[in-house]
Amino acid sequence: MSYHNVEILFVEDSTDDAALTIRALKKSGFTHKLYHVINGAEALDFIYCKGAYADRSDKEFPKLILLDLKMPKVSGLQVLEKLKADQHLKSIPIVMLTSSNEGPDIEKCFALGANSYIVKPVDSDNFFNAVKEIGLYWMVLSQPAH
């Protein structure tokens, strides 16, 4: 597996939500440089080139991280906190993509530096459109920090 030029790191433990999100991104033209991991521990291994990703270049980072909030092993909050505290990584936009619409979760994510917080729409048409707009905004319209 080549991890060269991964533009979107997608962190999601739900196989159904992952399939729907990847399908929406694919239809929007963003999947050729998308990499999906299934929990926060794997996301940190990918970013820090550890474990199964030890051979990945530590000079390349995704342009966007789509991060679920509630996952096993390491939560989205823990991943967000670690990456936003890292001087070399804090400029990577992190969009929380979650089913939680709870005020404390939203406040905590923004306090830790999340760039956006998207509650997954319940119906598939709205979910598809939301993911498409996320990809368009963060990958095409928004300019990187460096």
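This dialogue covers the salt bridges of a predicted model.

Trainee: How many salt bridges does a search of the whole structure find?

Mentor: A salt bridge needs a side-chain nitrogen of Lys or Arg within 4 Å of a carboxyl oxygen of Asp or Glu. The search of the whole structure finds seven.

Trainee: Which residue pairs with Glu-7?

Mentor: Lys-63. The closest N and O atoms are 3.2 Å apart.

Trainee: What does the pair of Glu-7 and Lys-63 tie together?

Mentor: Place each partner in the fold. Glu-7 sits in the segment before strand S1 (8-11), and Lys-63 in the loop between helix H2 (40-47) and strand S3 (64-67), so the bridge ties together parts 56 residues apart in sequence.

Trainee: Is Glu-7 buried or exposed?

Mentor: Buried means under 20% relative accessible area. Glu-7 has 17%, so the residue counts as buried.

Trainee: Which residues are linked in a network of salt bridges?

Mentor: Glu-12, Asp-17, Asp-68 and Lys-120. Take Lys-120 with Glu-12: their closest N and O atoms are 2.7 Å apart. Lys-120 is in the loop between strand S5 (116-119) and helix H5 (124-141), while Glu-12 is in the loop between S1 and helix H1 (15-27). That puts them 108 residues apart.

Trainee: Where does Asp-17 lie?

Mentor: In helix H1, 103 residues from Lys-120. Asp-17 and Lys-120 also form a salt bridge, with the closest N and O atoms 2.9 Å apart.

Trainee: Are Asp-17 and Lys-120 buried or partly exposed?

Mentor: Check each value. Asp-17 is partly exposed, at 24% relative accessible area. Lys-120 is buried, at 10%. Glu-12 is buried too.

Terms used:
Residues numbered from 1 in each chain as written. Predicted model: local features only at pLDDT ≥ 70, side-chain atom pairs only at ≥ 80, totals over all residues. Heavy atoms only, no water. Helix = DSSP H or I, 4+ residues; strand = E, 2+ residues; numbered from the N terminus. Buried < 20%, exposed > 50% of the residue type's maximum accessible area, 1.4 Å probe, protein only.
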